[in-house]
Amino acid sequence: METGERFVIEGLAGKKTLRGTIAVHGAKNSALKAMAAAVLFKNSLTLSNIPDIEDVRHMADLLEHLSISIARGAAGSMTIDTRFVSKTDLTADISKRLRASIVLAGPLLARLGHVSFPHPGGCVIGARPIDMFLEGFKKMGAAVRVKEKTYVVRAPKRGLKGAALFFRQQSVTATETFMMAGVLARGTTILKNAAMEPEIAHLALFLNRSGARIIGAGTSTIIVKGSALLSAPRGGYAIVPDRLEAGSFLILGALAARDLLITHCVPEHVASLIETLSYAGVSISVTGNTIRVRAPKSAPRAVDVKTHEYPGFPTDLQAPMTVFLTQANGESMVFETIFEGRLNYVEELNRMGADIRTMDPHRVIVRGKTPLRGRELESPDLRAGLAFVIAAAIASGRSVIHTVYNIDRGYEKVEERLRNIGVKISRMA
């Protein structure tokens, strides 16, 4: 439920005083797809390291509407029992707000032969068409029609059949949707130009432990050989740490940390960011599942950033990185190659004192170093919302960030964790 809550932040005015330890929680994108994957199992599946965030609660509501039982345990555990799944229509009011809802279409169609859903929602960051999904379902033998603004998809009587799918552009959600659909399809499904994000390989590894036959996850070609319903192994599935959360904390540390230790992460998953920040002059050291970061005493140097599918620079870290570049000496270009609407937040940073010039919908020039001043800000989406928190934390004066709901969609109790390392942040009703 959306609320009128807001964050009030007293900025550090450029001081580099943050210190201590901050732990990374389970990945939002991994948790949502694992919850959808439960539909493939004939017995109950236990998930651990599930973040307590809005999007997870929405996905749980969707599953419960489908007659799926969910039991929430302590310390981020969740047990999902799909033995009695019967409904196949995704609730419209939730699906329209949750982009990841469409990933449920693959497992439901493969298991029950039918699914209906509205156009999925989520952050407003540019066009996110679902034609790849509809075309893919058709190639697997399904019939697709639109009825009263709802997509109705029905598999053949004998179920989905394996097919060769080439994605015109890499898509994490499409890759995961058809990887899971292929688990219960007849024959072999081949996914080419598949996304290579680590969450995909992590999920595939677990599905294989449960009886699936998936080869190549984590590369651009994935082969799925159809099998029967899966059996959850003892111990269930632990959600992989959120690399985007780790990256956001790393950028904050690069700006304002005296000595910050980021724990419970997979440093390899943010290698592109670590390389970029190190080039700019930030002190970073990696040991096991921790990253230690210290902000440079003088201003870092400018560096150009071009977003790219994994293992390139993540589009979801583009906004926090732009905040970092406002504090770098020199001129940097940010080139957003994934979403055309993802640079719309920069005018708010300019209102805080940044010098950012928009060249076109995909490119901006950032000139630094420019001191930032506290302002009232509206969180436009999940990732830009946290970027505003970072900007407010390093600015002078007080900032108020509204529409905290957008931030809560992806970050669990982020204000509490930031407060523990020295950020002066509070949540207000």
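Me: Which residues of H7 are buried?
Reply: Quick heads-up: this is a predicted model, where local features need pLDDT of at least 70, side-chain atom pairs count only at pLDDT 80 or more, and totals for chains, interfaces and linings use all residues. Residues are numbered from 1 along each chain as its sequence is written, and side-chain values use heavy atoms, leaving out hydrogens and water. Buried means under 20% relative accessible area (exposed is over 50%, partly exposed in between; 1.4 Å probe, protein chains only). In H7 that gives Pro198, Glu199, Ile200, Leu203, Ala204, Phe206 and Leu207.

Me: Why does the pair of Phe117 and Tyr151 count as tilted?
Reply: Rings of Phe, Tyr and Trp (its six-membered ring) pair if their centres lie within 6.5 Å; planes under 30 degrees apart are stacked, over 60 edge-to-face, and the rest tilted. Here the centres are 5.5 Å apart, and the pair is tilted because the planes sit at 35°.

Me: How many residues apart in sequence are the parts that this pair ties together?
Reply: Phe117 is buried at 2% relative accessible area, and Tyr151 is buried at 16%. Phe117 belongs to strand S6 (residues 114-118) and Tyr151 to strand S8 (residues 150-154), so the parts tied together are apart by 34 residues.

Conventions. Helices (H or I, at least four residues) and strands (E, at least two) are DSSP runs, numbered from the N terminus.
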